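I opened my notebook for a friendly look through this one.

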Amino acid sequence: MRMRGVVMVMLLPVLMRAVSECRSSCRLTNISITVESEECGSCITIDTTACAGLCRTQERVYRSPMMQHYQNTCNFLEWTYETYEFKGCPVGVDSVFTYPVALSCDCSKCNTDITDCGVLSHQTTTCNVH
């Protein structure tokens, strides 16, 4: 019986962490972006960080037209931008690709001024063959 108590005390931190992760799993995740420049004749894959996961939401049974309705989504809280310059581009072609890098994430209302809040499409993972 004493051993069972010791095991439970040892598992408690693991269980507490699992419960907190179930509440909100919005966090940084590594992603790869495939970028193709037809003008420069090259295709690259960029590794970066983004925000992904679930946020706690509650769907109301009755939606009043008097109350604004929104759901929290997993969004960038802080971010920076990095650039990649394609090599071997003809003169006059914009060879710079700028992409966001998430530094932290938060469950919040989606800001349509800076974010595409729609459903993600299936991203192409390879370049087109011409």
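I began with cysteine 26, which counts as buried because its relative accessibility is 14%, under the 20% cut-off. I kept in mind that this is a predicted model.

Next I looked up its partner: cysteine 26 forms a disulfide with cysteine 74, with 2.2 Å between the sulfur atoms. This pair links distant parts of the chain, 48 residues apart, from the loop between α1 and β1 to strand β3. I noted a right-handed link, with 85° about the S-S bond. Cysteine 74 is buried too, at 17%.

I then counted the disulfides and got 4. One of them joins cysteine 51 and cysteine 105, whose sulfur atoms are 2.2 Å apart. Here I found a left-handed link, at -90°, between strand β2 and strand β4. Both of these cysteines are buried.

Another entry went to cysteine 55 and cysteine 107, with sulfur atoms 2.1 Å apart and a left-handed link at -85°. Cysteine 55 sits in the loop between β2 and β3, cysteine 107 in strand β4. I marked cysteine 55 as buried at 14%, but cysteine 107 as partly exposed at 23%.

Glutamate 36 faces cysteine 43 in β2. Among the 4 residues between the strands, I checked glycine 41 and found a positive phi near 65°.

Last, the surface. Phe76, Trp79, Tyr81 and Ile114 make a nonpolar patch of about 410 Å². Isoleucine 114 lies in the segment after β4 and counts as exposed, at 55%.

Key. Residues are numbered from 1 along each chain as its sequence is written. This is a predicted model: local features need pLDDT of at least 70, side-chain atom pairs count only at pLDDT 80 or more; totals for chains, interfaces and linings use all residues. Side-chain values use heavy atoms; hydrogens and water are left out. Patches are made of residues with over 30% relative accessible area and no salt bridge: like charges are joined within 9 Å, nonpolar side chains (Val, Leu, Ile, Met, Phe, Trp, Tyr) within 5 Å. Accessible areas come from the Shrake-Rupley method with a 1.4 Å probe; for residues, only the protein chains shown count as cover. A salt bridge is a side-chain nitrogen of Lys or Arg within 4 Å of a carboxyl oxygen of Asp or Glu. Helices (H or I, at least four residues) and strands (E, at least two) are DSSP runs, numbered from the N terminus. Buried means under 20% relative accessible area, exposed over 50%, partly exposed in between (1.4 Å probe, protein chains only). Two strands pair if DSSP finds at least two bridges between them. A disulfide is a pair of cysteine sulfur atoms within 2.5 Å.
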